[in-house]
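Hi everyone, thanks for coming.

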Amino acid sequence: MPDLPPEPAGEELPALVAALRASNARLREVVEARDAQLAAAGAALEAAEARIAALSERVAEMERRLGKDSSTSSRPPSSDSPYKKKPRDRSLRGRSGRKPGKQPGAESSTLRQVADPDQIMVCAPAACGRCGADLAGAPVTGTQKLQEFEIAPPPPPRVTEYQVQGRACGRCGAVSAGQAPAWITGRAQYGPEAHARAANLASAQHIPVGRAAQLMGDMTGLRVSAGWMAGVRHKAAGKLDPFMDHVRGLLRQAGVLYADETPARAAGHLEYVHVACTEFLTAMHTGGRSAADIDAGGILDGYGGTIVRDGYAGYSHLTDALHAWCGAHNLRDLRDLYTFDPAGQVWARSMADLLIHANAAATAARASGQPQLSGEQLAQISAWYRGAVAKGITDNQHRRSKTGKDGRRLARRFRDNQDLTVGFTSNQAERDVRPVKIQQRTSGGCWRTLDGLADFAIVQSYLSTAAKWGISKLDALRQLFTTGPWLPPATAPP
């Protein structure tokens with residue numbers, strides 16, 4: 001057993017206790033300082049982890065934004081990068097089952113021979129190919145007909161002079177003047193056909209005015225200036241007030257309207273072209289994106305039918321109408337969520353599958369003449385729909401990331417908008433407003449004036465509506481510059 005230190009004497013105990021207490025105090029200070037350092041390090045680590053998490057979420061959101069293309073957002077396909085390889089499964093709609101190319105039953109455009117050609121050229125052999133004998137006057141044993149279709153050079157313009165005469169009455173001596181046709185207002189001017197051809201090039205075919213003027217001369221022999229060509233669209237728009245009033249009235253009578261808007265740069269500023277349309281009617285106007293600008297078209301304000309549109313909140317003030325969301329836009333939003341977070345947004349894949357399934361079922365029912373889906377189909381679709389919505393809200397209820405918030409917002413959109421009784425997409429409106437982008441792209445990226453953009457919207461409304469009724473754009477322009485605008489007889493053909 002080791003020897004123990006000798007016990008201190010009684011008078012040494014107070015000093016020893018004081019020394020131990022002092023040493024204990026120093027140790028406590030050291031421990032407390034170490035604890036404070038550890039606490040500070042822990043707080044710094046937590047702050048760093050929170051910052052890393054925030055930065056990671058920000059990077060993920062930036063990657064999500066940069067990864068968006070026309071299949072996961074409302075961007076046009078022309079905005080997709082030509083250097084990025086497109087995935088094979090870009091579309092959520094599935095295959096239509098149709099083969100590429102011309103469909104069975106579609107009208108053929110094959111060039112065919114005519115029975116009465118304008119000129120016949122006989123290609124007879126001059127001599128026998130065996131013995132060299134002259135074949136002039138030899139009997140014809142067979143003929144093969146080959147026809148060439150060629151463009152004749154344009155004739156010089158036909159100039160008609162109207163001599164407005166004044167004649168004195170032999171009875172009272174009064175002088176009366178004759179009357180030229182109503183469209184003859186100047187000493188020298190271009191006729192209705194020239195105006196129609198020019199408007200067809202500059203408006204219907206989206207050719208810039210300089211090139212349109214040159215093409216006009218090459219094709220018709222009528223040499224016009226670029227300034228005159230630019231003014232033709234304004235003349236056409238000025239004659240279309242009766243047409244626009246008539247179409248607005250017909251659109252307000254339609255049960256379902258398709259609405260959309262697209263930006264256009266004019267006079268150095270960003271303007272918007274709004275469209276309200278059906279399968280047989282089109283009306284466009286210009287303005288901003290506010291509720292007042294939407295109402296300025298004179299159609300949607302107070303309209304009581306169904307509006308098929310995208311997710312732009314500017315239409316939310318139209319409370320008299322039922323609002324149906326475009327299925328194509330919904331599929332893009334669902335694809336964006338699922339592609340970025342497939343594990344956390346399983347409901348988005350399920351909802352996309354449902355929309356595709358429901359659209360295919362409705363299309364098949366319409367093709368077979370059924371007025372609606374069967375009760376069993378409707379019950380299955382409704383149960384599937386409610387289940388996907390419930391899972392979308394539940395899975396994103398407590399997520400605070402941007403993706404979680406977007407998933408929750410999108411799920412609530414499907415919860416609050418369940419009208420599946422109208423067309424699946426708003427593609428009709430997108431097709432009708434697309435010429436704005438075509439014209440802008442061919443004309444240097446902008447319009448010089450706001451009035452020019454407004455004229456384009458009016459003329460395009462007329463040409464689009466005429467084409468929907470099977471009337472060629474050139475014929476519609478001929479009538480416009482001759483007797484006045486063509487007017488659609490009803491909201492749809494009988």
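This is a predicted model: local features need pLDDT of at least 70, side-chain atom pairs count only at pLDDT 80 or more; totals for chains, interfaces and linings use all residues.

Residues are numbered from 1 along each chain as its sequence is written, and side-chain values use heavy atoms, with hydrogens and water left out.

A word on confidence. pLDDT is the predictor's confidence in each residue, from 0 to 100. Here the chain average is 85, and 88% of the residues score at least 70. Helix α5 (residues 241–253) has the highest confidence with a mean of 96, while helix α1 (residues 13–66) has the lowest, with a mean of 81.

Now the overall make-up. The chain has 13 helices and seven strands; these are DSSP runs numbered from the N terminus, helices being H or I with at least four residues and strands E with at least two. Of its 494 residues, 33% are buried, where buried means under 20% relative accessible area, exposed over 50%, and partly exposed in between, using a 1.4 Å probe and protein chains only.

So what sits inside? A nonpolar core is a set of buried Ala, Val, Leu, Ile, Met, Phe, Trp, Tyr and Cys residues joined through side-chain atoms within 4.5 Å. The largest one has 51 residues, and M216, M229, L300 and Y462 touch the most other members. Helix α2 (192–204) is among the elements that supply at least two residues, and α2 gives the most, with seven. There is also a second, separate core of 22 residues, including A361, L373, I393 and F414.

Let's turn to the sheet. Which order do the strands take? Five of them form an open, mixed sheet in the order β5-β4-β3-β6-β7; two strands pair if DSSP finds at least two bridges between them. β5 (282–287) and β7 (322–325) are the edge strands with a single partner each, so one side of each has no neighbour in the sheet. Further in, β3 and β4 (residues 269–277) pair in the antiparallel sense over nine bridges, and A264 has E271 in β4 as its bridge partner.

Next, please find helix α11 (residues 427–442), which lies across β3, β4 and β5 and runs at about 15° to β3. Axes are lines fitted to C-alpha atoms, for helices over the stretch in contact (heavy atoms within 4.5 Å), and angles run from 0 to 180 degrees between N-to-C directions.

Within α11 we find D432. Is D432 buried or exposed? D432 is buried, at 6% relative accessible area. Its side chain makes polar contacts with the side chains of T282, at 3.3 Å, and K468, at 2.6 Å. A polar contact is a pair of N or O atoms within 3.5 Å; within protein, one must be able to donate a hydrogen and the other to accept it, and residues adjacent in sequence count only if both atoms are side-chain atoms.

Finally, S401 is in the loop between α9 (375–395) and α10 (402–416). S401 counts as buried too, at 19% relative accessibility. The S401 side chain reaches the backbone nitrogen of G404 at 3.1 Å. S401 and E61 are 340 residues apart in sequence, yet 9.0 Å apart in space, C-alpha to C-alpha.
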